[in-house]
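Subject: Structure handover

Hello,

Here is the structure I said I would pass on. Please open it alongside this email, and read the notes below with it in view.

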Amino acid sequence: YLIVLDDVWDIATGEMLMACFPKVKRGNRIILTSRSSKVGLQVKCHSDPLRLQLLTPEKSWDLFVKKVFGDEGSCPAELSEVGHQIVEKCKGLPLAIVLIAGVIVRGKKKEKDFWLKIIHNLDSFISTNINLVMQLSYDHLPCHLKPLLLYFATTQKSQRTPVSTLMQMWMAEGLVDHDSLEETTQSYLDALISSSLIMVDHIPSWSKWWASVMIKVCYMHDVVHDFCSLKAKKERFFKLINSGDPFHASDLLHRRLTVYTDDDRQLQKKFVLFNSNKCLGGCKHLISLKVSGSLDNYKYTRHLRLVRVLQLDGIVLEDSLMDDIGFLFHLRFLSIRSNMEAIPESWVNLQNLETLLINTENTIVLLPRLFKLSKLKHVSIDKSSFFDEEEEDNIRLLEGENSKLKTLSKVDISYSQGTNDALEKFPNLEHLDCTIMVPECPPTHGDWFPKFDILNKLQSLIAEYIIEWNYHVYPIEYHFPTSLKELRLFDIPMRPALLSAIVALPQLEILEINYCEFVDYKWDASEDIYQSLKTLRLACPELLEWEVYRETFPKLEELILENCFMLTEIPYAFGDIDTLKSIHVVQSELELGDSAMKIKKDVIDFTGEDRLHVHIS
């Protein structure tokens with residue numbers, strides 16, 4: 001027999017149905033489909049679940065042509081351009097492609113005017129026909145997950161949101177029980193991903209102007225976004241104002257307001273209403289205000305007394321307004337642009353603030369006021385430092401309780417007596433993104449590298465060297481905590497002492513080496529064992545020779561080589577690593593891509609399995 005169990009919603013039903021059929025080893029199979037990855041993982045027999053991806057543009061076109069013109073047909077040349085436009089709007093979703101193809105087949109499938117009529121009404125047609133399918137998925141969600149899904153409608157279509165930022169905003173909005181641990185919030189996101197309503201991707205984030213790191217983001221398909229937007233509007237979950245939309249005082253009666261515009265003058269007119277007596281009462285109910293777009297002379301903040309989330313990314317705030325923010329006692333999430341040089345004194349009132357994101361061109365001094373924000377957990381400021389460089393006695397700034405901070409991004413760390421003392425004040429730090437200012441006159445003992453091993457909860461470290469003179473100064477020791485799972489280095493010379501310190505990290509899973517020079521352009525890792533490493537990324541390395549043995553990376557799953565213009569060969573020992581799943585070669589020498597393909601061929605010849613994926617671009 002061949003049995004297909006289509007659209008199974010829960011584990012118990014799947015297991016009950018599977019038990020109905022005799023378990024004969026040969027000649028019988030059951031295919032089960034589900035929208036829930038949990039069902040696929042637990043109700044399985046002979047294979048792991050196949051996670052269907054969105055179709056590529058080529059496969060989308062093939063499916064469209066097959067459904068419209070049949071297996072042997074082809075699309076007429078005069079319909080090809082508009083046909084590709086229709087397929088592009090479906091964004092790889094097979095259900096949307098099949099629905100539109102069905103309309104064309106039932107209508108006038110060879111008339112261009114009919115196809116143009118379809119493309120002009122495509123969004124509404126897809127939404128109308130797919131909303132019934134979406135409603136089933138929505139109804140099956142637990143009650144506590146539904147508002148988390150609708151929250152994605154506050155973002156623009158196809159917008160990628162960093163997972164960490166999304167979870168911080170959920171908690172700040174009150175959509176997650178505020179006493180819940182971040183692990184609980186992560187489990188909620190995992191449940192939405194498991195339901196196939198949310199998708200995950202890894203994209204480059206240009207944390208340095210000249211280099212990027214890969215970050216985990218999530219987003220939803222446009223079809224799901226349309227459904228969530230309609231559902232959120234019906235339930236008055238939030239108010240969305242796009243460029244060109246009218247703006248009324250009643251809009252402020254919503255608890256959440258999101259404004260998107262690329263027209264400065266329109267945005268200016270809309271926000272004049274914020275200062276009118278008619279709107280002041282309405283503004284007091286806002287718990288979330290997000291504005292995307294540039295705006296001059298924004299002055300209306302103090303009366304937003306209940307606001308928890310304030311996101312004004314496109315607005316440069318004046319100093320007077322920065323002081324007014326200190327009156328927003330309930331504020332939990334703040335994302336702004338400002339040219340301030342220090343955290344205002346009034347911010348000591350922000351005792352509920354948990355996340356602080358500041359886009360600035362000036363260096364902001366963090367201490368000591370950072371310690372006074374008792375609930376602050378996540379800080380990302382484009383340019384910041386622990387101390388004022390002109391301050392003679394920085395040690396006194398370290399008085400008071402330790403910080404509860406878990407994330408600190410883009411902070412300058414220079415060699416001084418107070419630097420390591422400052423690090424000790426962050427015992428809960430889990431993620432650190434820093435620039436290490438190399439001393440011009442290092443201490444004679446050579447031990448000037450920051451003592452990161454003080455941070456015994458640190459899991460992720462991004463570190464970059466800044467050298468302001470024409471010669472290198474190398475520390476004799478490197479200090480990393482054994483808790484480290486992710487290490488990303490930029491422009492740091494890969495000395496033997498540094499490589500030895502990295503090898504000694506027992507839990508390290510991700511290692512990225514960017515714009516780094518190896519001694520004599522050689523990396524001999526034949527006697528080293530990176531015992532837990534799963535992902536290795538080399539970007540623009542000054543590396544010519546590379547020696548690796550099979551035991552060097554026993555758990556490696558992914559090798560990424562970007563802009564490798566000196567390296568021409570991948571060590572063949574990578575082909576002997578059983579766990580290796582993929583090799584990515586990006587913007588590198590042709591010989592390096594050929595070397596990757598040779599390893600893939602050898603793996604197929606030796607194992608008989610095409611298990612190694614090679615991507616060359």
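Start at Leu544: leaving out neighbours up to four places away in sequence, Leu544 is in contact with Tyr521, Met566 and Leu567. Please keep in mind throughout that this is a predicted model. Leu544 sits in the loop between strand E20 (535-539) and strand E21 (545-547). Its relative accessible area is 45%, so Leu544 is classed as partly exposed.

The whole chain

The protein has 617 residues, and 48% of them are buried. It contains 17 helices and 24 strands. If you take the contacts with a separation of 6 or more, 56% of them are between residues 24 or more positions apart.

Two loop residues with positive phi

Most residues other than glycine have a negative phi. Asp491 is not a glycine, yet its phi is positive, near 55°. You will find Asp491 in the loop between E17 and helix H16 (496-503). With a relative accessible area of 38%, Asp491 is partly exposed.

Tyr515 is not a glycine either, and it has a positive phi of about 55°. Its place is the loop between strand E18 (510-514) and strand E19 (522-524). Tyr515 is partly exposed, because its relative accessible area is 30%, which lies between the cut-offs of 20% and 50%.

Is Arg488 buried or exposed? Arg488 has a relative accessible area of 7%, and under 20% counts as buried, so Arg488 is buried. This arginine belongs to strand E17 (residues 486-490). Not counting residues up to four places away in sequence, Arg488 touches Val213, Met214, Ser460, Leu461, Ile462, Ala463, Ile510 and Glu512.

Lys233 has 67% relative accessibility, and over 50% counts as exposed, so Lys233 is exposed. Lys233 and Leu150 are 83 residues apart in sequence, while their C-alpha atoms are 9.7 Å apart in space.

A covered helix

How many of the 11 residues of helix H9 (residues 163-173) are buried? The count is 10, so H9 is mostly covered. The buried residues of H9 are Val163, Thr165, Leu166, Met167, Gln168, Met169, Trp170, Met171, Ala172 and Glu173. An α-helix has 3.6 residues a turn, so residues three or four places apart point the same way. After H9 comes Gly174, with a positive phi near 85°.

Strands E22, E23 and E24

Strand E22 (residues 558-562) runs parallel to strand E23 (residues 582-586), and 5 bridges join them. Leu559 has Ile583 of E23 as its bridge partner. On to the next pair: E23 and strand E24 (residues 613-616) are also parallel, joined by 4 bridges. Ile583 has Val614 in E24 as its bridge partner, and His584 stands opposite His615 in E24. Between E23 and E24 the chain passes through helix H17 (residues 590-607), and this β-α-β crossover is right-handed.

Cavities

Rolling a probe the size of a water molecule over the atoms shows where empty space is left. In the whole structure, the search finds 4 cavities of 30 Å³ or more. The volume of the largest cavity is about 70 Å³.

Which residues line the largest cavity? They are Ile413, Ser414, Tyr415, Ser416, Thr419, Asn420, Ile436, Met437, Asp447, Trp448, Phe449 and Pro450. Strand E14 (407-414), helix H15 (417-424) and strand E15 (431-437) are the elements that give two or more residues to this lining. By type, the lining has 7 nonpolar residues, 4 polar and 1 charged.

Regards

Notes:
Residues are numbered from 1 along each chain as its sequence is written. This is a predicted model: local features need pLDDT of at least 70, side-chain atom pairs count only at pLDDT 80 or more; totals for chains, interfaces and linings use all residues. Side-chain values use heavy atoms; hydrogens and water are left out. Buried means under 20% relative accessible area, exposed over 50%, partly exposed in between (1.4 Å probe, protein chains only). On a 1 Å grid over the protein atoms alone, a cavity is a set of points where a 1.4 Å probe fits but cannot get out, and a pocket is an open set with protein on both sides within 12 Å along at least five of seven lines; lining residues have an atom within 4 Å of a point. Grid points are joined across faces, edges and corners, and a volume is the space filled by probe spheres set on the points. Ala, Val, Leu, Ile, Met, Phe, Trp, Tyr, Cys and Pro count as nonpolar, Asp, Glu, Lys and Arg as charged, and the others, Gly among them, as polar. Two strands pair if DSSP finds at least two bridges between them. A crossover is right-handed if, with the strands pointing away from the viewer, the path from the first strand over the helix to the second runs clockwise. Contact means heavy atoms within 4.5 Å.
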